[in-house]
Structure formats: C-alpha cells, structure tokens
Amino acid sequence: MKKLLIYFLCIILLVFCIPMMFTNQFKTEEVVSNQIQEEEPIKEKFDYGAYSTIHLLHTGTGEVETLDLDTYLYGVVSAEMPASYELEALKAQAVVARTYTIYKIKNDSKHENADICDSSLCCQAWISKENRLARWEEAYREAYWNKIEQAVDTTKGKYITYQGEPINAFFHSNSGGATESPVYVWGGDYPYLQTVTTAGEDAYTTYRSEVTLSKDELIQKMLEKYSNFTIDFQSQDCIKILDYTEGGRVKTLQVGNTQISGVEARSIFGLKSAKFQWEIIGDSIHFSVIGYGHGVGLSQSGSDALAKTGKTYDEIIKYYYKDVEIHE
Ligand SMILES: [Zn+2]
C-alpha cells in the first residue's frame, strides 16, 4: 500500500510538475526576448513602408538594381557630398537625399522600370561602395565610409515635409552666396524654396570657375540652338545682360540678335552656374562664373559652412527650406 502511494506521487509529479517547469522556462525566455526587443535602437525597427525598396537605374548599363532605401542612400551621400565635409552637413545631405527619393517615388519618377537613376544630371548621383572606396586615398577610406554610414544611420527615418507632405528637396553644389527660386530655373513655384543667402561659400573650390570660348565657338554653339543667330562683335552691346534673378543670377542675356535666359546660357556655353560675367578679350569671350549648380534648395558648401559655425543638420535644413518640418 505504501509502494502504491509512492507510485501515485511519482505520477502526479510527472504529470503536473515537469510541464510546469517547462512552461515557466518558456515564460522566462519570453520575458527576456521582450526585453531585448525593447532595448533595440529605434532605427533597427523603422519601417519605410512603400518606400523601403528602391529600384535604381544604372544609366551606364541600363540595369535596374533593387536596394533598401538607406543602403541606396550610402551611395548617394558619398557620391553627392565630399566626405571631408562636417558630419552635420553630411547628415543634412542624407535627410535631403532621402526626402528627394521619397518625393520622386511618390510624385514623378522619370523612369519606366525604376524609381530613380544614378545620374546627377537627371535624378541624383549614386556610386557603389567598391568604386567609392577605390576613389578615396587609402588612409581616409575607413573613416570616410564610417562617416557616410553614420550620417545616414543617425538620421534613419527622417525626411522633410511641408504641410505634412514630403518636399521636392532640390540641392546643389555651391550657391555662390545666394540660392535661387525655381521659378527662374524650371518655372514653377514652391513656398518652401525661396532665395536665402549664405556666408562663407567663397572658401570652396566650387565657388569660382571660368570658361573661355573663341568668337567662332560662341557662334557655333548659338547656331546649334538658334539657326537664325547672327552677331556683330564690333557692336559694343553685342552681348548684354538685360536683367537678373532674385538670387543674383543672369535672368535674360542678349547675344547678338537673340535673347536667351541665363539658364540657357549656362547650358549652351557650358558654364557651372547662371551667375556669371563676361568680357571680350581679343578673339575670345571669357566668362567668369560664381557658384556651381542650379542654385535651388540646399547648398552643399553652404551647409558645410553653416555646420562649421555650429549649426546642426536640422537647423541647416530649416535654413534652406522655409517653414518645413522634419518627419521622424
Ligand atoms: Zn533619373
């Protein structure tokens, strides 16, 4: 009878206690794993939803590559801005590039089978990590790449909005001291893209450039676009700036018998910006150019100059885009 009682107790132990031990063990593991999830940095859990995956067109080969958004942005930031720039400027560039990408996907991808391409002339520049590293001096490679990753990772999930919508976040290399309203560049007006001035951009190599054309070259370039073009270089006013934009760029230029916009002049004569002066010396026309790029939105060298004065990336962004918010 005593033996039977021991057997009975053993069975009770097996049936109830051992499963309870396992259950408790599972519960403990569950609690631990919850704690781990809570301690994960927010950036690991950020979900871009519809914008998580980018279809990137390589203009050189015509291939379309699929990348996650922030991996794509490492390639954009490192192609678009010198890694030697201040970290806050690189962070501003990362947020701007993320915003530009989201805006493109949402509003006006120019490409049929891709969201965006790797050309700065069409969308925004992109370079592979392999090519990027190869173009940096070996001594800087690791530090520069870490800085690029840091700029993108520490701003993960952030993009710029105006009245709740992602903005068309144009940017350029060097404004030459004052940015431009898009109305003078492509037409169209955006309340957040207004002319702003930045000090210190003249310290960058992108600030000043020159182009020299012979009189014949100028005539040929004009004839390619305007077949009725004529010019009398004996006349004092054969080339004349008629008016300027808000940002101090050439708005309209009279060249011989033809009026062209400053933006057209930039394209026809191969100038780095529409902020230029000209001078005829002997048989040549010398253009002295200030700034680099269309001048709309954020200036990259201006961002670096602002960062050097202690401005943070969000202050830089709000400096160049009016009345915007940074979406977290
Ligand atoms: Zn494109």
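In helix α10 (residues 313-320), the buried residues include Tyr313, Ile316, Ile317 and Tyr320. A residue is buried if 20 or more other C-beta atoms lie within 10 Å of its own, exposed if 12 or fewer, and partly exposed in between, with C-beta atoms placed from the backbone. These four residues cover an arc of only 100 degrees around the axis, which puts them on the same side of α10. The arc is that of the directions from the helix axis to the C-beta atoms. An α-helix has 3.6 residues a turn, so residues three or four places apart point the same way. The buried residues of α10 pack against α4, β4 (159-162), β13 (298-299), α9 (300-308) and β14 (325-327). Two residues are in contact if their C-beta atoms, placed from the backbone, lie within 7 Å.

The model is predicted: local features need pLDDT of at least 70, side-chain atom pairs count only at pLDDT 80 or more, and totals for chains, interfaces and linings use all residues. Residues are numbered from 1 along each chain as its sequence is written.

The chain has 10 helices and 14 strands. Helices (H or I, at least four residues) and strands (E, at least two) are DSSP runs, numbered from the N terminus. Of the 328 residues, 36% count as buried. Among contacts between residues at least 6 apart in sequence, 66% join residues at least 24 apart.

Helix α4 (residues 87-106) also meets helix α6 (residues 138-153): their axes come within 8 Å and cross at roughly 55 degrees. Axes are lines fitted to C-alpha atoms, for helices over the stretch in contact, and angles run from 0 to 180 degrees between N-to-C directions. The two helices are therefore oblique to each other; angles under 35 degrees count as roughly parallel, over 145 as roughly antiparallel, 65 to 115 as roughly perpendicular and the rest as oblique. The crossing of α4 and α6 is right-handed, that is, the near helix is turned clockwise from the far one by less than a right angle. On the α4 side the contact is made by Leu87, Leu90, Lys91, Gln93 and Ala94, and on the α6 side by Lys147, Ile148, Gln150, Ala151 and Val152. These residues divide into 6 nonpolar, 2 polar and 2 charged. Ala, Val, Leu, Ile, Met, Phe, Trp, Tyr, Cys and Pro count as nonpolar, Asp, Glu, Lys and Arg as charged, and the others, Gly among them, as polar.

Leu133 is placed in helix α5 (residues 129-135), and Thr59 in the loop between β1 (53-57) and β2 (64-68). Leu133 is partly exposed, with 16 other C-beta atoms within 10 Å. Thr59 is partly exposed, also with 16 such atoms within 10 Å. Not counting residues up to four places away in sequence, Leu133 touches Arg141 and Trp145, while Thr59 is in contact with Cys117, Asp118 and Ser119. The table gives C-alpha separations.

| Pair | Apart in sequence | C-alpha to C-alpha |
|---|---|---|
| Leu133 and Tyr144 | 11 residues | 8.7 Å |
| Thr59 and Asp118 | 59 residues | 6.3 Å |

Most residues other than glycine have a negative phi. Gln163, not a glycine, has a positive phi of about 50 degrees. Gln163 is found in the loop between β4 and β5 (165-166) and is exposed, with 10 other C-beta atoms within 10 Å. Asp323, not a glycine, has a positive phi of about 55 degrees. Asp323 is in the loop between α10 and β14, and counts as exposed with 10 C-beta neighbours inside 10 Å.
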